[in-house]
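Here is a short briefing to read alongside your viewer. Have the model open and follow the topics in turn.

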Amino acid sequence: KMETPPAETPTTNGEGFEIMSETMQFKRYVRVVDRIVKYPNGTEVKFDVLVSKSNHFVTVVPFFTASKEFGMIREYAQGPNQMILSVACGGYESSKHTSVRHAAECELSEECALKGGEWIKLISDDSPGVMEAKWAAMRFTPFLVIDPIIDDSPLPQDAEEYITQERMGAEQVESLAYSGALHLPSAITTFMALKHLRLHSLL
């Protein structure tokens, strides 16, 4: 079954909000646009909006049924300037990936050095993705992969990435998510994965 590519942000919607213009203000790892929006009452408002090449990314968390452990990563996070616990995350690009699932498979190889397994998309097929934040145009698709195997030839990490892998018990990961130790996409992916695993008696 072919996946529908992520949809672009509509310039109008059924609620009467219209994007009048967008001007790129900054472009490097992230991009910031100056967006002018007309409200239903005619007022025009300017916003800084965070965007990306496709406005879509993926998250993927591996789970190993024999040990009841998640495959997590520790990576350098430039915002808090520290190593943080995370799930694998990466952007979807139509020029590089055949589908959103393919983007997730690439991130699993690159950041976790894993491949294969049973793949579960944690949101419905008709969902445009989970919103990252009100001030960002990006959405993400979360995946759970059960019992992947070691990738002996993993894809190379990006030059700016500093990542190590570790396995961690499900209860510990859940506790860390509730403590605020995981960034939002990782926490949401973890909660969705835990729900799926419990519903299917894997935990």
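**Strands, helices and rings**

Strand 5 (residues 69-77) and strand 6 (residues 82-86) pair in the antiparallel sense, with 5 bridges between them. Strands here are DSSP runs of E with at least two residues, helices are runs of H or I with at least four residues, and both are numbered from the N terminus. Two strands pair if DSSP finds at least two bridges between them.

This is a predicted model, in which local features need pLDDT of at least 70 and side-chain atom pairs count only at pLDDT 80 or more, while totals for chains, interfaces and linings use all residues. Residues are numbered from 1 along each chain as its sequence is written, and side-chain values use heavy atoms, with hydrogens and water left out.

**The hairpin of strands 5 and 6**

- Strand 5 and strand 6 form a hairpin with 4 residues between them.
- In the turn, N81 has a positive phi of about 55 degrees.
- I73 has S86 in strand 6 as its bridge partner.

- An open sheet holds 3 strands in the order 1-2-3, and their pairing is antiparallel.
- Strand 1 (18-27) and strand 3 (44-51) are the edge strands, each pairing on one side only.
- Neighbouring strands in this sheet are turned by 25 degrees against each other on average, direction ignored.
- Strand 1 is joined to strand 2 (residues 31-38) by 8 bridges, and a hairpin links the two through 3 residues.
- Along this pairing, E18 stands opposite K38, and I19 has V37 as its bridge partner in strand 2.

**Helix packing**

- Helix 2 (residues 170-179) and helix 3 (residues 184-199) have axes that come within 10 Å and cross at roughly 140 degrees; axes are lines fitted to C-alpha atoms, for helices over the stretch in contact, and angles run from 0 to 180 degrees between N-to-C directions.
- That makes helix 2 oblique to helix 3 (angles under 35 degrees count as roughly parallel, over 145 as roughly antiparallel, 65 to 115 as roughly perpendicular and the rest as oblique).
- A170, V173, E174, A177 and Y178 in helix 2 meet A187, T190, F191, L194 and R198 in helix 3, where contact means heavy atoms within 4.5 Å.

**Aromatic pairs**

- The model has 5 aromatic pairs, counting rings of Phe, Tyr and Trp (its six-membered ring) with centres within 6.5 Å; planes under 30 degrees apart are stacked, over 60 edge-to-face and the rest tilted.
- F17 and Y39 have ring centres 5.4 Å apart and planes at 80 degrees, so this pair is edge-to-face.
- F17 lies in the segment before strand 1 and Y39 in the loop between strand 2 and strand 3, so the pair ties together parts that are 22 residues apart in sequence.
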